[in-house]
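I opened my notebook to jot down what I looked up today. Here is the structure I was working from.

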Amino acid sequence: MILTTTPTIEGKSISAYHGIVIGEAIMGANLFKDLFASIRDIVGGRSGSYEDELTKARQIAFRELEQEALGMGANAVVGIDLDYEILGDKNSMLMVSISGTAVTVE
C-alpha cells in the first residue's frame with residue numbers, strides 16, 4: 001500500500017478512484033501523564049509520555065485508513081491530510097484524524 005500526501009505518485013498512473021477513506025483514533029491521557037506533563041511545562045523539556053500517545057494514535061489512524069482502502073480494492077491512498085485535535089471537557093483526549101483518496105495505481 002502506497003500512502004502519500006501528494007495528489008499523484010511519480011512514475012505511476014491512477015487507473016481507478018475508489019473514494020475517500022478516513023482513519024481516526026482518540027486517545028485519553030491518564031492522571032500520571034497529565035501530572036508529569038504539567039511538571040515539564042514548568043521546568044521545560046519534552047513530554048515523552050504525550051509524544052508516545054500521539055505516535056500510537058497516529059499509527060492506529062493510519063492502520064484504519066489503510067484497512068478501509070484495502071477493503072475498497074485500492075493499492076494506494078493519495079492526498080493524505082492529517083489533523084490533530086484536543087477533545088473532552090477537560091481537554092484530556094487527543095484525536096488524530098487522517099483522510100485521503102483510495103486509488104488503484106499501475
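Predicted model: local features only at pLDDT ≥ 70, side-chain atom pairs only at ≥ 80, totals over all residues.

I started with leucine 70, which I found in helix H2 (residues 48–71). Helices here are DSSP runs of H or I with at least four residues, strands are runs of E with at least two, and both are numbered from the N terminus. Residues are numbered from 1 along each chain as its sequence is written, and side-chain values use heavy atoms, with hydrogens and water left out.

(Buried means under 20% relative accessible area, exposed over 50%, and partly exposed in between, with a 1.4 Å probe and protein chains only.)

**The sheet**

Next I checked the strands. I found an open sheet of 4 strands in the order E1-E3-E4-E2, with mixed pairing. Its edge strands are E1 (2–3) and E2 (14–28), each pairing on one side only. Two strands pair if DSSP finds at least two bridges between them. Strand E3 (residues 76–87) and strand E4 (residues 93–105) pair in the antiparallel sense over 10 bridges. I also noted that tyrosine 84 stands opposite valine 96 in E4.

**Threonine 104**

I then moved to threonine 104, in strand E4. Threonine 104 counts as buried because its relative accessibility is 17%. What does its side chain make a polar contact with? I found the side chain of histidine 18, at 2.6 Å. (A polar contact is a pair of N or O atoms within 3.5 Å; within protein, one must be able to donate a hydrogen and the other to accept it, and residues adjacent in sequence count only if both atoms are side-chain atoms.)

Aspartate 81 is in strand E3, and I logged it as partly exposed because its relative accessibility is 45%. Leaving aside neighbours within four places in sequence, I found aspartate 81 in contact (heavy atoms within 4.5 Å) with Ser97, Ile98 and Ser99. Aspartate 81 and isoleucine 22 are 59 residues apart in sequence, yet 9.6 Å apart in space, C-alpha to C-alpha.

Serine 97 lies in strand E4. I marked serine 97 as buried because its relative accessible area is 15%. Not counting residues up to four places away in sequence, serine 97 touches Ile22, Gly23, Glu24, Asp81, Leu82 and Asp83.
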